[in-house]
Structures are given as C-alpha cells and as structure tokens.
Amino acid sequence: QLTFLLLDVSGSMDHPTESGSQTRKIDALRRLVRQLAEQGVRCPLVAFSDDCRRVTEVPEPGGGTNLAGAIRYGAAAQALHLIVISDGAPDSEPRALAAAQAFGKPIDVFYVGPPGTRGEQFLQELAKASGGSSQTVSLSQTKQLTSAIRGLLTA
C-alpha cells in the first residue's frame, strides 16, 4: 500500500507547539519524521506550503497552505492513502475538498493546531468525506503521534 505523508510547512508552522512552549511546530514535525524513520517507517514525504514537493528532510516553514495541491500531488503519484499533518485551514477549502473527492481514497488527518478552530473543523470534514479518520493531537506528543501513524500504515 502506497501511503504518502503530507506535511504542512506553511508559515504558521514557525509558531510554538503550544502556548508557553519554546519548541516550534516545524521542529517537532522534524523530530516526528526522524522518529518514524528510526522505527523503520518508510513512506514518501510531501511538504506543502505554496507549492508541493517530495522531500527527504522537512524544510523551513513559509507561505500558504496549499492542501489541494498536496492531495493532487499524491493522486498523481498513484498514492492509495494519504496522511495529512496540518495545523490549520487550507488556502481554499472548496479546492481541498474537490481534490479529496477526486482522489477517492482515504485521507487520514492529524490536526496539530489549536483546538476549536475552523481549521480543525474543516480537516475533520475532509477526513470524513474521504472515508479517513481525524485526530487532534499536539506535536509535542511525538510518541503518541508516531504510534498512531504507524498504526495507520500497518492497518
């Protein structure tokens, strides 16, 4: 099963993981990706901000949140399953939803932003519409997150 990990590297990922924390979300995301690799989890990584590209290292954050482009990238690469890690709303909800519907396969979402926001609500809707699951988690809880991602990859 070809699963792609879609990683939000938009400008908001430069902010702390939670209030009072010194750790930026992007650094916590890098730690998560490293831990997955150390545990033998191998899947293509796609970083998305204004553009979408396959990466081996998580780049510095900047730009918007082109989730629709990331989903289309996964579809064009013949992915059978997508896992999104994002901290907020995409640049265009309608385009992201249309891309998810065109993809036609499960998209599981890990929302890593502040709870109770429109971004969280939208990502839950996107996961549900694609037959995927949605969880709100903190990037500072990498053990919980790596085990949840491993579970999805071996399911």
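This is a predicted model: local features need pLDDT of at least 70, side-chain atom pairs count only at pLDDT 80 or more; totals for chains, interfaces and linings use all residues.

**Helix packing and its surroundings**

Author: In S2, Val-46 is the bridge partner of Leu-6. Strand S1 (residues 3–8) and strand S2 (residues 45–48) run parallel and are joined by four bridges. Both belong to an open sheet of six strands with mixed pairing, in the order S3-S2-S1-S4-S5-S6. Strand S3 (52–55) and strand S6 (134–136) are the edge strands, each of which pairs on one side only. On average, neighbouring strands of this sheet are turned by 20 degrees against each other, direction ignored.

We now turn to the helices. Two packed helices are described by the angle between their axes and the distance between the axes. For helix H1 (residues 25–38) and helix H5 (residues 142–154), the axes come within 10 Å and cross at roughly 50 degrees. That angle makes H1 oblique to H5. The crossing in which H1 passes H5 is right-handed. On the H1 side, the contact is made by Ala-28, Arg-31, Leu-32, Gln-35 and Leu-36, while H5 contributes Thr-142, Lys-143, Leu-145, Thr-146, Ile-149 and Arg-150. Sorted by class, the residues of this contact are five nonpolar, three polar and three charged.

A second pair of helices may be described in the same terms. The axes of helix H2 (residues 67–76) and H3 come within 8 Å and cross at roughly 15 degrees. Why are H2 and H3 called roughly parallel to each other? Angles under 35 degrees count as roughly parallel, and the axes of H2 and H3 cross at roughly 15 degrees, so the description applies to H2 and H3. Their crossing is left-handed. Here Leu-67, Ala-68, Ile-71, Arg-72 and Ala-75 of H2 meet Arg-95, Ala-96, Ala-99, Ala-100 and Phe-103 of H3. The contact of H2 with H3 has eight nonpolar residues, two charged residues and no polar residues.

Side chains of opposite charge can pair when their charged atoms come close. Lys-25 forms a salt bridge with Asp-87, and the closest N and O atoms are 2.8 Å apart. The pair links distant parts of the chain, 62 residues apart: Lys-25 lies in helix H1, and Asp-87 lies in the loop between strand S4 (81–86) and helix H3 (93–103). In the whole structure, a search finds nine salt bridges.

How values were computed: Residues are numbered from 1 along each chain as its sequence is written. Side-chain values use heavy atoms; hydrogens and water are left out. Two strands pair if DSSP finds at least two bridges between them. Helices (H or I, at least four residues) and strands (E, at least two) are DSSP runs, numbered from the N terminus. Axes are lines fitted to C-alpha atoms, for helices over the stretch in contact, and angles run from 0 to 180 degrees between N-to-C directions. Angles under 35 degrees count as roughly parallel, over 145 as roughly antiparallel, 65 to 115 as roughly perpendicular and the rest as oblique. A crossing is left-handed if the near helix is turned anticlockwise from the far one by less than a right angle, and right-handed if clockwise. Contact means heavy atoms within 4.5 Å. Ala, Val, Leu, Ile, Met, Phe, Trp, Tyr, Cys and Pro count as nonpolar, Asp, Glu, Lys and Arg as charged, and the others, Gly among them, as polar. A salt bridge is a side-chain nitrogen of Lys or Arg within 4 Å of a carboxyl oxygen of Asp or Glu.
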